[in-house]
Amino acid sequence: MAIYMGLDSSTQSLTAVVIRVDGENREVLDQRSIRFDEDLASYGCQNGVLAHSDPLVAHSNPLMWAEALDRLFDVLSREGKVSLGDIQAIAGSGQQHGSVYLNSRAAARLSSLDPAVPLVGQLQDIFSRQTSPIWMDSSTAGECELITAAVGGDFELASLTGSKAFERFTGPQIRKFHAEDPQGYEATDRIHLVSSFMASLLAGAHAPLDPGDGAGMNLMNLSGKDWAPSALEATAPGLAEKLPAIEESCSVVGPLSNFWVERYGCSREARVICWSGDNPCSLVGVGLVKPGRLAISLGTSDTLFGYLPEPRVDPAMEGHTFGAPTGDYMSLICFKNGSLAREKICNGAGLDWAGFSAALRDTPPGNGGAIMLPWFEPEITPNVQDPGVRRYGLEETDGPANVRAVVEAQMMAMAIHSRWMGVTPESIYATGGAACNKEILQIMAQVFDADVYQFEVGNSAALGAALRAYHADDKAAGGSISWEEVIAGFAQPVAESRISPDPELVALYKDLKPVYEACEEHALGRGEDPRQKIEAFVQR
Ligand code: XUL
């Protein structure tokens with residue numbers, strides 16, 4: 001019998017999923033979260049983000065993530081549902097793209113943490129930048145342009161790194177830091193991703209990062225899975241010396257450091273496995289270890305992703321190719337206006353989530369041609385720098401119609417912008433917080449003309465991390481377990497949860513998608529007034 005822990009350091013919380021594997025007997029022993037806004041309110045974050053006068057800037061506090069880790073172990077050890085001493089390996093998942101800047105004191109400090117004292121107080125002076133830009137930041141349009149020009153264009157950068165330059169990607173963020181605070185950059189000894197920072201706290205030493213998360217930086221050569229010198233050069237001087245090593249997802253970072261052993265009774269033999277990004281971990285957590293299916297994660301960000309055997313470039317260059325924890329690749333598109341947009345509409349209509357579902361049930365599919373572009377925040381897909389909700393044939397005051405409009409918009413945008421992946425899925429695996437809402441999944445099924453399934457463990461990123469810990473631990477012990485064996489009994493959809501599309505409504509959304517696309521083009525200043533198209537849809 002063996003116990004593994006998966007951690008997910010996400011935008012709004014830190015979650016642990018602990019699993020037990022005993023031959024064919026497999027079970028989730030515990031799931032626990034520390035929520036940043038509520039449980040660590042003194043950091044003053046809202047939805048995990050620090051307030052800033054520039055709406056394009058989104059930073060968080062890396063000390064808050066470290067304190068959450070200490071707190072989570074504390075809660076788990078006090079509750080006693082899991083014997084922390086039995087954990088054999090820990091892997092993790094981090095919100096992608098976010099970066100942590102450490103000075104030359106960090107290495108020695110990490111290796112000598114005092115288990116008698118809380119973690120956070122011991123880390124105060126190891127940062128060369130006090131806050132961390134995260135994936136919601138879109139303040140680096142200028143840096144993206146400069147990096148793109150230096151590397152030879154969008155297509156060159158996308159072919160090299162898996163994505164054209166994106167504002168939230170780590171490379172443009174590093175370039176901005178170097179330009180705005182050259183001394184701070186100079187004082188930086190190591191730039192971590194959220195994933196490798198958290199792994200470093202567990203291992204008590206600078207941890208490497210994996211090709212899943214490395215691909216979200218605009219700095220890694222996707223096919224060689226190593227740093228790309230031309231991209232590094234285009235970003236900031238001396239960058240190669242400041243970056244962690246890139247190692248396979250299944251690499252062992254080291255044993256758990258003395259801090260966790262002494263403070264919480266963890267085993268000295270417990271292995272810390274390389275962390276990855278939340279989306280690569282989710283790929284494993286929903287069992288996408290071969291092609292043909294897609295998953296949609298409805299979280300702070302909404303993402304749509306699938307397994308890829310070989311890298312592929314989105315011709316429109318809105319999407320990304322990342323490394324997958326299996327050693328292969330994954331395709332992904334990301335929407336910033338996910339759960340927070342649903343929440344804003346829900347609150348704006350004066351509803352709770354039951355009321356939100358009721359509004360979806362009580363309004364007509366297609367919304368009588370009323371369309372919303374829910375760009376509360378600057379949007380990633382498509383690229384919208386000038387935020388603001390756009391409405392066509394929709395009154396802001398009509399609560400229920402706005403509820404339907406936001407969900408239909410999110411589903412149609414995902415369907416339209418994922419066409420480059422070339423997958424016509426028969427099934428979609430739904431995960432993330434909002435995947436418990438059957439009414440939302442019903443619209444997903446009609447828009448994609450696919451069966452939609454739910455999972456028992458909603459947090460696929462933390463579960464995927466736990467499964468990665470199991471896989472890597474087996475490999476480190478000389479085993480050769482297959483990914484199918486790893487995920488069996490854990491990452492399978494709940495058969496009874498299947499939601500099938502209604503052919504009549506599939507036809508309706510087939511007609512509505514071009515109308516939505518026309519509204520998007522119009523709002524982006526690239527297309528004509530869509531009113532005629534809306535009229536024609538309503539007539540039909
Ligand atoms: C993916 C992305 C988000 C973050 C936060 O590219 O930006 O999904 O990983 O979840």
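Which residues of strand E1 lie on one side, which lie on the other, and are they buried or exposed? I would like to start there, and before I answer, a word on what we are looking at. This is a predicted model, in which local features need pLDDT of at least 70 and side-chain atom pairs count only at pLDDT 80 or more, while totals for chains, interfaces and linings use all residues. Residues are numbered from 1 along each chain as its sequence is written, and side-chain values use heavy atoms, with hydrogens and water left out.

Now to the strand. On one side of E1 we find Ala2, Tyr4, Gly6 and Asp8, on the other Ile3, Met5, Leu7 and Ser9, and all of these are buried, so that both faces are covered. Buried here means under 20% relative accessible area, exposed means over 50%, and partly exposed is in between, with a 1.4 Å probe and protein chains only. Strands (E, at least two residues) and helices (H or I, at least four) are DSSP runs, numbered from the N terminus. Because eight of the eight residues of E1, which spans residues 2–9, are buried, the strand is largely enclosed by the rest of the structure.

E1 has partners that we can follow, where two strands pair if DSSP finds at least two bridges between them. With strand E2, residues 13–22, E1 runs antiparallel and is joined by eight bridges, and the two form a hairpin with three residues between them; within this pairing, serine 9 stands opposite leucine 14. With E7, the pairing of E1 is in the parallel sense over seven bridges, and there isoleucine 3 stands opposite isoleucine 87.

From E7 we can walk on to histidine 97, which sits in the loop between strand E7 (87–94) and strand E8 (99–102). Why does histidine 97 count as buried? Its relative accessible area is 5%, and therefore it falls in the buried class. Leaving out residues up to four places away in sequence, histidine 97 touches Trp135, Arg168, Phe169, Thr170, Leu193, Asp213, Gly216 and Phe322, where contact means heavy atoms within 4.5 Å. With arginine 168 there is also a polar contact between the two side chains, at 3.5 Å. A polar contact is a pair of N or O atoms within 3.5 Å; within protein, one must be able to donate a hydrogen and the other to accept it, and residues adjacent in sequence count only if both atoms are side-chain atoms.

Histidine 97 also brings us to the ligand, whose surroundings include Gln96, His97, Trp135, Arg168, Asp278 and Asn279, a residue being near a molecule if one of its heavy atoms lies within 4 Å of it. An N or O atom in the side chain of histidine 97 is 2.7 Å from an oxygen atom of the ligand, for aspartate 278 the corresponding distance is 2.5 Å, and for asparagine 279 a polar side-chain atom lies 3.0 Å from a ligand oxygen. The protein covers 97% of the 290 Å² of accessible area that the ligand has on its own, with areas from the Shrake-Rupley method and a 1.4 Å probe, and with only the protein chains shown counting as cover for residues.

Helix H8, residues 194–203, is mostly covered, with ten of its ten residues buried, and just after H8, glycine 204 takes a positive phi of about 70°.

Proline 244 is found between helix H10 (229–235) and strand E13 (252–255), and at 2% relative accessibility it counts as buried; among the residues it touches are Arg190, Ser196 and Trp227. Proline 309 is found between strand E17 (302–308) and strand E18 (320–323), and proline 309 is partly exposed, with a relative accessible area of 42%. Neighbours within four places in sequence aside, proline 309 is in contact with Asp328 and Tyr329.
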